[in-house]
Amino acid sequence: IFQSTKPLRSLIMSQPIQKHFEIGADVSKHEIFLLSENGPQKVPNRLESIKPFLRKLIKQHPSPRITCESTGSYHDLLVMTCLELGVAVSIVNPLNVKSFIRSFGTKAKTDPIDTRYIWRFAVERQPRCLDKSWLKRHEVKELMSFRSRLVDERARLKASLDKIQQEFILSESKALIKNLTTRIKKIETKVSACITKDREWSEAV
């Protein structure tokens, strides 16, 4: 997957003992820029591209680990796919990486530079790997976001009731409000179940 790039190896004077083959990933909306000690790779940020890349990576390296910055939701697909396929993955705070870059007197402004230092950060700092409980927490995050949209829509409909003159439209609006309330409660039940399960996993570890 990666082409040999010897200068990258010289970046690290003394590396800690590594149990993973480290890969830095700079994730954007449409692309993932990856870097290991063997060189760069670019993969579209789509499931149909990420899965084959990870499967090939597993075959080539016994214990790969991908480290990426927290980038809103752009990194979610990569992280979820790693966890589902059993590839070690870490998410690091961008502020920590920027502080790490500044320690070398460098300001990272382009994707290749960012990826290089994310990779180096992973090698030297050995960030904690995620476990599958992240998937449940991510599910809760997505559910709560969806719930917020439904709550906003219900509030908008409720605010418009006093302005509605036609009986049919008023009746349909009330029915929609009732339906939204049912869906919101269903989401809240699902969230509660996810949280309970996550606690069970945490206690079992």
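**Side-chain contacts**

Mentor: Arginine 120 and glutamate 124 meet through their side chains in a salt bridge, 3.0 Å from N to O. The term means a side-chain nitrogen of Lys or Arg within 4 Å of a carboxyl oxygen of Asp or Glu. This is a predicted model, so local features need pLDDT of at least 70 and side-chain atom pairs count only at pLDDT 80 or more, while totals for chains, interfaces and linings use all residues. Residues are numbered from 1 along each chain as its sequence is written, and side-chain values use heavy atoms, leaving out hydrogens and water.

Trainee: How far apart are arginine 120 and glutamate 124 in helix 5?
Mentor: Four residues, so about one helical turn separates them. Helices here are DSSP runs of H or I, at least four residues, numbered from the N terminus.

Trainee: Is arginine 120 buried or exposed?
Mentor: Buried, at 10% relative accessibility, whereas glutamate 124 is partly exposed at 30%. Buried is under 20% relative accessible area, exposed over 50%, partly exposed in between, with a 1.4 Å probe and protein chains only.

Trainee: How many salt bridges does the structure hold?
Mentor: Eight. One of them pairs lysine 190 with glutamate 139, closest N and O atoms 3.6 Å apart. That pair links helix 7 (residues 167–204) to helix 6 (residues 133–160), 51 residues apart.

Trainee: Switching topic, how many aromatic pairs turn up?
Mentor: One. Phenylalanine 100 and phenylalanine 121 sit edge-to-face, 5.4 Å centre to centre with 90° between the planes. Ring centres of Phe, Tyr and Trp (its six-membered ring) must lie within 6.5 Å; planes under 30 degrees apart are stacked, over 60 edge-to-face, the rest tilted.

Note on methods
Helices (H or I, at least four residues) and strands (E, at least two) are DSSP runs, numbered from the N terminus.
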